[in-house]
Amino acid sequence: MQRRTLACRRVHPAVSPRAARRRARRSPAAALLTAALAAFTALAAPPAARAESAAAPGADRPTEGEPPSVATALFIVGVDLEIAGRSLTYSDLLSDNLRSYSVLGVPMPAIRGELFPLARSRLPVLSDLGVALSYARAIGLDSEGDGGASVSTSWSRLRADLRGRYRPLGDAGPVAFASAGLSWTGYDVEAGDDPSRDVVSVSYTALRLGLDGRLPAGPVAVEAGAGLQVPLSTGKLASYFREPSAAGVDLRAAVAVPFAPRLEARAGASYTRFFYDFDSEPGDMYVAGGALDQLFSLHVGVAYAY
């Protein structure tokens with residue numbers, strides 16, 4: 001008797017259309033689960049591995065010509081050379097012992113810096129709060145005294161602010177800055193026999209509130225700002241008149257051009273004016289209705305942002 005061996009073949013049951021749709025619906029969920037597990041694995045990696053990854057070539061480094069990260073910088077430092085001037089004039093002047101004063105083309109080196117201590121933390125609000133400090137001093141400045149004699153003159157400026165920044169369109173967009181602090185401007189002419197020169201000495205200590213903005217425009221950035229100054233003291237000028245009052249404003253504009261990683265060149269102009277009101281009366285030694293003190297400069301400089 002011949003025995004036949006039959007080969008058995010497993011037959012898979014047909015998959016119903018409903019089951020296929022269920023599998024298709026589960027596929028996106030499975031993909032999301034896989035992505036979540038991958039992210040968790042990356043976060044759970046040893047700190048050394050994460051540090052090596054962060055230190056990879058090109059990581060967190062601006063490329064050649066990329067503008068400094070002013071929008072998120074930890075600190076910014078800069079040096080400038082200003083060519084400055086001053087003009088002091090009087091309104092309703094009735095005294096013969098006063099005259100206007102002006103000086104132009106004064107070289108004035110300046111240094112400035114900003115620090116945002118928590119910038120790397122990315123904490124809301126706190127990461128964009130910082131301090132700003134700037135100082136400038138004129139060199140080689142003299143005034144013309146009585147008889148045309150040269151009189152030693154000094155001119156300095158110091159500003160300290162609390163500063164906040166806001167990026168309405170993200171890190172690569174425009175940046176708005178608000179500041180509040182103290183501003184000091186000292187202009188001192190060596191005392192002599194000419195009262196019209198002695199009176200131009202001032203020492204402005206003012207509470208300053210300011211708004212600034214920076215707008216990227218292709219490879220460069222345009223900056224502009226304005227401030228209100230409320231003098232707490234004014235020095236000699238106001239002391240020569242009856243019941244003086246004063247206020248001040250300042251404006252600035254600049255263009256920033258990157259030329260190396262984290263470095264940019266800047267050029268711009270600034271203007272500050274203090275305006276006075278006097279309550280002089282006939283018979284006073286100095287009689288004027290008011291005064292306008294204008295300080296202005298053109299500047300070029302370099303800044304480094306980190």
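Predicted model: local features only at pLDDT ≥ 70, side-chain atom pairs only at ≥ 80, totals over all residues.

Modeller: Residues are numbered from 1 along each chain as its sequence is written, and side-chain values use heavy atoms, with hydrogens and water left out.

Biologist: How many aromatic pairs does a search of the whole structure find?

Modeller: Rings of Phe, Tyr and Trp (its six-membered ring) pair if their centres lie within 6.5 Å, and planes under 30 degrees apart count as stacked, over 60 as edge-to-face and the rest as tilted. The search of the whole structure gives 11 such pairs. One of them, F75 with Y304, is tilted, at 6.2 Å centre to centre and 40° between the planes. Because F75 lies in strand β1 (residues 75–91) and Y304 in strand β11 (residues 290–305), this pair ties together parts 229 residues apart in sequence; strands here are DSSP runs (E, at least two residues), as helices are (H or I, at least four), numbered from the N terminus.

Biologist: Are the rings of Y204 and F274 stacked or tilted?

Modeller: Their centres are 3.9 Å apart and their planes at 10°, so the pair is stacked. Y204 belongs to strand β7 (residues 202–217) and F274 to strand β10 (residues 263–277), 70 residues apart. Buried means under 20% relative accessible area, exposed over 50% and partly exposed in between (1.4 Å probe, protein chains only); Y204 is buried at 1%, and F274 is likewise buried at 1%, whereas F75 is partly exposed at 28%.

Biologist: Which ring does the charged end of R86 sit over?

Modeller: A charge sits over a ring if NZ of Lys or CZ of Arg is within 6 Å of the ring centre and within 35 degrees of the ring normal. The charged end of R86 sits over the ring of Y187, 4.3 Å from its centre, and R165 lies over the face of F116, at 3.7 Å from the ring centre.

Biologist: Which residues touch the most other members of the largest nonpolar core?

Modeller: A nonpolar core is a set of buried Ala, Val, Leu, Ile, Met, Phe, Trp, Tyr and Cys residues joined through side-chain atoms within 4.5 Å. The largest one has 30 residues, of which Y90, W155, Y187, L237, F241 and Y276 touch the most other members. Strand β2 (101–115) gives the most to this core, with five residues.
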